[in-house]
Amino acid sequence: VDIYCFELEVEGRGRYVRANFDTNASGLVGIGEFEVYGTPAPALISEGCSFTYFGHGTEVGSDANWGSAAVEAGLSVLTDGEISSPNWWVNNGNPNIGLDPAILPGDYVFNLDLGGSALVSRVGAYFYSRTDWGVDAPVSVTFSVSTDGYKWTPVATVAKASASTTTITDSRNPDAQSPTIYHFSADIQKQDARYVKVSFGANADSKIGMQEIQVYGTRRTIT
């Protein structure tokens, strides 16, 4: 009995693996084994984590929905693990957090505390866009990491033009413009970190809608 091993080394990320082959002249093919080797995908380690800092320019006036108090009160929603929050319909289709440059001008900074040391391998920030409401994603987002919350190392900058997107259908109002979620995410060289900074500038002609910040990696354990 001859055993033929068809082996191939590949690079890629995925959940499913497909093997295709043609039958031979006799129409009989015997399959003895199918094996896949790799490493598990990094785990989401930011869910439920808190923010140590939210920075912006000087607040101009105040607003119940777009002022700094509203942003700070809603920060926990940015780490609930849901890009499209369960509060979506409660929010009447609005983003989880809105940033209005007319009220909060300048650059925006969100410092996330992972609650302990971790090996970070992927970072992501997700933004809501519905241009008929004057809400859009930022032009670009920069991610930085730190072990102490003071000294920061930039690890990735993702432009809106290269961000992937998903569309959320508003079943209650099918004639309305469907909101788009922009995925500003990047796989990075593994970094020791406890803190992750997400920073981006204000849009010149629209508000910014934030949905979620996610960090993937492996938590350090002390033995």
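Is Arg220 buried, exposed or partly exposed? In this predicted model, Arg220 counts as partly exposed, because its relative accessibility is 42%.

**View 1. The salt bridge between Asp192 and Arg220.** The closest N and O atoms of Asp192 and Arg220 are 2.4 Å apart. This pair joins distant parts of the chain, with Asp192 in strand β9 and Arg220 in the segment after β10, 28 residues apart. Asp192 is partly exposed, its relative accessible area being 41%.

**View 2. The salt bridge between Arg122 and Asp187.** Here the closest N and O atoms are 2.8 Å apart, and the pair links Arg122 in strand β4 to Asp187 in strand β9 (residues 180-200), 65 residues apart. Asp187 counts as partly exposed, at 46% relative accessibility.

**View 3. The salt bridge between Asp136 and Lys160.** The closest N and O atoms of this pair are 2.8 Å apart. Asp136 belongs to strand β5 (residues 135-136) and Lys160 to the loop between β7 (153-159) and β8 (164-167), so the pair ties together parts that are 24 residues apart in sequence. Asp136 counts as buried at 13% relative accessibility, whereas Lys160 counts as partly exposed at 22%.

View 4. Asn111 is buried, with a relative accessible area of 9%. Beyond its neighbours within four places in sequence, Asn111 is in contact with residues including Ser50, Tyr53, Trp152 and Lys197.

**View 5. The largest pocket, with a volume of about 1900 Å³.** Of the 39 residues that line this pocket, Leu8, Val17, Glu35, Val36 and Tyr37 are the closest to its centre. By class, the lining has 20 nonpolar, 10 polar and nine charged residues.

Methods. Residues numbered from 1 in each chain as written. Predicted model: local features only at pLDDT ≥ 70, side-chain atom pairs only at ≥ 80, totals over all residues. Heavy atoms only, no water. Buried < 20%, exposed > 50% of the residue type's maximum accessible area, 1.4 Å probe, protein only. Contact = heavy atoms within 4.5 Å. 1 Å grid on protein atoms, 1.4 Å probe; cavity = no way out; pocket = protein on both sides within 12 Å on 5 of 7 lines; lining within 4 Å. Points joined across faces, edges and corners; volume = space filled by probe spheres on them. Nonpolar A, V, L, I, M, F, W, Y, C, P; charged D, E, K, R; others polar. Salt bridge = Lys/Arg side-chain N within 4 Å of Asp/Glu carboxyl O. Helix = DSSP H or I, 4+ residues; strand = E, 2+ residues; numbered from the N terminus.
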